[in-house]
Amino acid sequence: MGDTVSFEADILPLFTQKDIKHMDPMGVRLSDYAYMSDPSNDHVNAHRVYECVSIGEMPPANSGEESWQPDQVELFSRWMAGGYQP
C-alpha cells in the first residue's frame with residue numbers, strides 16, 4: 001500500500017456487513033463514501049466513527065465482533081488526514 005489511503009480500498013473493508021447493517025437504520029451509512037466524507041453529517045460522521053473505534057466503543061462489546069486494532073484505527077486517521085480520498 002502506498003501513502004494514499006482510500007475509502008474503497010482501505011476503509012470500507014474495515015467495516016463488517018454486521019456493522020453496516022446495524023448502523024443503517026440509524027441513518028449512518030458506513031459503506032457510503034459521500035456520507036462518510038461529509039463533515040456536515042451532524043449525527044455521525046468520520047470523526048465520530050474514529051472517536052468510537054479509537055476508544056473501543058465501536059463495535060459494541062456485546063456485538064461479538066473484535067475491537068479495531070491500533071493499526072486499523074491509525075489507517076482510519078490517515079484517511080481523514082489525507083483528505084478523505086475515495
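**Exercise 1. List the residues in contact with F76, leaving aside its neighbours within four places in sequence.**

Solution. Contact means heavy atoms within 4.5 Å. With that cut-off, and with neighbours within four places in sequence left aside, F76 is in contact with I11, L14, F15, M36, A46, V49, Y50 and W68. The model is predicted, so local features need pLDDT of at least 70 and side-chain atom pairs count only at pLDDT 80 or more, while totals for chains, interfaces and linings use all residues. Residues are numbered from 1 along each chain as its sequence is written, and side-chain values use heavy atoms, with hydrogens and water left out.

**Exercise 2. Describe the fold and overall dimensions of the chain.**

Solution. The chain has 5 helices and 0 strands, in the order α-α-α-α-α along the sequence. Its C-alpha atoms fill a box of roughly 35 × 25 × 20 Å along the principal axes. For 86 residues a compact globule would have a radius of gyration near 12 Å, and the chain agrees, at 12 Å. That radius is taken over C-alpha atoms, and the globule rule is 2.2 Å times the number of residues to the power 0.38. Of the 86 residues, 37% count as buried. Among contacts between residues at least 6 apart in sequence, 57% join residues at least 24 apart.

**Exercise 3. Classify D3, H47 and Y84 as buried, partly exposed or exposed.**

Solution. D3 lies in the segment before helix 1. Its relative accessible area is 76%, so D3 is exposed. The C-alpha atoms of D3 and E65, 62 residues apart along the chain, are separated by 28 Å.

H47 belongs to helix 4 and, because its relative accessibility is 41%, counts as partly exposed. Leaving aside neighbours within four places in sequence, H47 is in contact with M80 and Y84.

Y84 is in the segment after helix 5. Its relative accessibility is 16%, so Y84 counts as buried.

**Exercise 4. Find where a cis peptide bond occurs and which non-glycine residue has a positive phi of about 55 degrees.**

Solution. Start from the general rule: most residues other than glycine have a negative phi, and most peptide bonds are trans. A cis peptide bond joins M58 and P59, with omega about -5 degrees. P59 is in the loop between helix 4 and helix 5. The positive phi of about 55 degrees belongs to Y84, which is not a glycine.

Methods:
Helix = DSSP H or I, 4+ residues; strand = E, 2+ residues; numbered from the N terminus. Buried < 20%, exposed > 50% of the residue type's maximum accessible area, 1.4 Å probe, protein only.
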